[in-house]
Amino acid sequence: MSKIIAVHSYKGGTGKTLMSVNLAATFAKAGKKVCVFDLDFRAPSLFAILKAENSEFWLNDYLNNVYDINKVLVDLSSRLTGEGKFYAALANPGTEAIRDMSSKDRKWEMRALGRLLSLRETLLRDQKFDYIVFDTSPGLQYSSINAIVAADFVVVATTGDRSDVDGTKRMLNELYNLFEKKTGLVLNKVLDPTATAKKAEWSAKIKTNYHVPLLGILPCFCEILRAEGNLIFVQDKPDHPFTKIMGEMARKIENNEVN
Ligand SMILES: Nc1ncnc2c1ncn2[C@@H]1O[C@H](COP(=O)(O)OP(=O)(O)OP(=O)(O)O)[C@@H](O)[C@H]1O
Ligand SMILES: [Mg+2]
């Protein structure tokens, strides 16, 4: 079963953060105990989206071996309706912290990987979390590779942009094959309004071009841009088509239907 889900992409701005938050919130709304991790230390953003600016303890401190993971987790369950539990582990947005994280050496990254791998025991086994969702930096930074290695399932986001498509293909071939991770591709910001209706056709195309299964097609929604990152969409807009697509993606991951 896929318990740890990493959301990754080759290029920036492909919707990783949007999907990480909303996938995690979808699981939590369905009654699960979930934590979303901001592993984008280059440009932390979950603290702003989840309105947790006043946090004192950061995921950086956990990876630096300063604090236990429980000290770092922020309980945001009250933001959602339902019986589920919704936590976040936030990256420190301070300038010093960003600089510090970008200057880590390989040895530190190896230890950080060990800390990520140990979440399987602390959070999944001991504290009965159902899912952990890793939001990552784009490209092949160590923090993202660590997230992929520690995950059971990788959601790869891409847009139709030429450079994005080519880079994503290369990354899937070279990097993902190496780790042999269960993977699903999400086509995001799709402009063709008929795309979701022609899913089977797109699915076959994706299989041929990327050699990975299609997890979902997300149209470009003006409402998402208009919200300016102020909403947890699946909570605040339950009837929006985006919420339905997130629900389908979560179900496919949960039931292992990605093939
Ligand atoms: N399907 C969509 N329709 C409309 N806007 C979208 C969609 N997906 C993402 N966006 C918007 O695109 C911008 C980038 O999204 P997001 O921050 O989630 O990407 P990201 O991959 O996390 O970026 P980064 O690599 O910089 O971390 C945001 O303003 C987001 O609201
Ligand atoms: Mg992001």
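Which residues are the closest to ligand 1, and how many residues surround ligand 1?

## Around the ligand

In this predicted model, ligand 1 is surrounded by 19 residues, and the closest of them are Gly12, Gly15, Lys16, Thr17 and Leu18. The largest share comes from α1, which contributes 3 residues.

Sorted by class, the shell around ligand 1 holds 8 nonpolar residues and 8 polar ones, together with 3 that are charged.

## The sheet

The model contains an open sheet of 8 strands with mixed pairing, and the strands follow one another in the order β3-β4-β2-β5-β1-β6-β7-β8. At the edges stand β3 (74–75) and β8 (214–219), and because each has a single partner strand, one side of each is left without a neighbour in the sheet.

Within this order, strand β2 (residues 33–38) and strand β5 (residues 131–135) run parallel and are joined by 5 bridges. Val34 stands opposite Tyr131, a residue of β5.

## Helices against the sheet

Helix α1, the element that gives the largest share of the shell around ligand 1, also packs on the sheet, where it touches β1 (4–8), β2, β4 (85–89), β5, β6 (153–158) and β7. The direction of α1 makes about 170 degrees with that of β5.

Another helix, α9 (residues 162–179), lies across β6 and β7, and α9 runs at about 160 degrees to β6.

Technical notes. Residues numbered from 1 in each chain as written. Chains lettered and ligands numbered in written order. Predicted model: local features only at pLDDT ≥ 70, side-chain atom pairs only at ≥ 80, totals over all residues. Near = placed C-beta within 6 Å. Helix = DSSP H or I, 4+ residues; strand = E, 2+ residues; numbered from the N terminus. Nonpolar A, V, L, I, M, F, W, Y, C, P; charged D, E, K, R; others polar. Pairing = 2+ DSSP bridges. Contact = placed C-beta atoms within 7 Å. Axes fitted to C-alpha atoms, helices over the stretch in contact; angles between N-to-C directions.
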